[in-house]
Amino acid sequence: MNIFVFRYLPWLGIMIVTGLLSAAEVPAAKDAAESMNHARALLQKWAETERLTAAERHEWEQGKALLEGRITLVKQSISEMKKKIAEAEAKLADAKKRTEEAEVEKAQAKEASDALLTAATELETGVRGLILRVPANVKEKVKVLADRIPKEGAEVKNITAAERYQNVLGILNELNKSNLEIASLPEIHDVGNGKKAEVKTLYVGLGQAYFVNAAGDIGGVGTPGAQDWEWTTDPSIAKRVIEVVEVMKKTVSPKLVELPASID
């Protein structure tokens with residue numbers, strides 16, 4: 001409003017003076033009054049326009065400040081988002097690296113497992129061959145574990161490598177214990193000429209055996225063959241085998257008894 005006063009005050013004065021001068025002229029008095037009213041209306045409109053302009057400017061400045069504030073917040077959000085994206089990418093890269101390492105370890109584990117399974121098959125074949133060559137009492141001891149060994153060519157996908165090795169090691173452990181013992185068992189043996197007789201058989205470990213009948217006139221030696229024990233009649237050792245039997249029964253004192261032995 002002050003700007004208006006300073007800017008248009010001279011013109012207002014001129015117009016008033018002009019109006020006064022014109023008033024001196026009676027015929028032009030009416031026109032002068034109309035001019036004054038028109039000027040006054042123009043000034044009022046101008047003042048209203050200025051007021052509206054100032055209000056619009058103030059509103060615009062407030063809107064500008066608000067937008068600038070929002071832009072600052074958006075920039076902060078973008079910065080935070082970029083930071084989170086960078087962290088996510090780092091975690092993703094780390095996860096990818098761990099996945100690759102896990103895949104390598106998995107491949108190595110599978111390779112090792114395949115090697116163990118191949119070795120297990122070979123061990124099982126060897127153990128089956130050993131079981132054929134052990135005395136009946138030892139076969140009975142390992143029967144449960146031996147029955148768990150897959151048959152040759154059988155499906156083995158439902159049996160873990162650990163179970164297969166457990167069976168093999170259990171059998172080998174029992175065979176090792178039996179190989180350190182002397183066992184006396186009653187058996188029926190072929191004693192020659194198509195005759196069979198009940199004899200007492202002494203197994204010395206798993207590699208040598210002797211037998212003798214109750215009368216002490218029929219004896220022989222045994223060795224493990226490819227499928228079973230192989231027996232050879234040798235009456236000359238019958239008396240000595242009887243002596244060993246008596247020592248084991250503790251009916252006589254321990255003593256040294258010489259018997260033939262062979263190692264394949």
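1. Two strands are taken as paired if DSSP finds at least two bridges between them; strands (E, at least two residues) and helices (H or I, at least four residues) are DSSP runs, numbered from the N terminus. By that rule, Thr223 stands opposite Glu230 in β5. Strand β4 (residues 219-224) runs antiparallel to β5, and five bridges join them.

2. The model is predicted: local features need pLDDT of at least 70, side-chain atom pairs count only at pLDDT 80 or more, and totals for chains, interfaces and linings use all residues. Residues are numbered from 1 along each chain as its sequence is written, and side-chain values use heavy atoms, with hydrogens and water left out.

3. The sheet is open and is formed by five strands in the order β1-β2-β3-β4-β5, with antiparallel pairing. Its edges are β1 and β5 (229-233); each has a single partner strand, so one side of each is left without a neighbour in the sheet. From one strand to the next, the twist averages 30°.

4. Helix α6 (residues 238-249) packs on this sheet, touching β1, β2 (195-204), β3 (208-213) and β4; contact here means heavy atoms within 4.5 Å. The direction of α6 makes about 100° with that of β3. Axes are lines fitted to C-alpha atoms, for helices over the stretch in contact, and angles run from 0 to 180 degrees between N-to-C directions.

5. Strands β1 and β2 are antiparallel and joined by ten bridges; Ala183 has Tyr203 in β2 as its bridge partner. The two strands form a hairpin with two residues between them, and Asn193 in the turn has a positive phi of about 55°.

6. Six bridges pair β2 with β3 in the antiparallel sense, and Val199 is partnered by Asn213 in β3. This hairpin has three residues between its strands, with Gly205 in the turn at a positive phi of about 65°.

7. The structure holds one cavity of 30 Å³ or more. A cavity is a set of points, on a 1 Å grid over the protein atoms alone, where a 1.4 Å probe fits but cannot get out; lining residues have an atom within 4 Å of a point. Points are joined across faces, edges and corners, and the volume is the space filled by probe spheres set on them. The largest cavity has about 60 Å³ of space.

8. Among the residues lining the largest cavity are Ala183, Tyr203 and Gly205. Helix α3 gives the most to this lining, with three residues.

Methods
1 Å grid on protein atoms, 1.4 Å probe; cavity = no way out; pocket = protein on both sides within 12 Å on 5 of 7 lines; lining within 4 Å.
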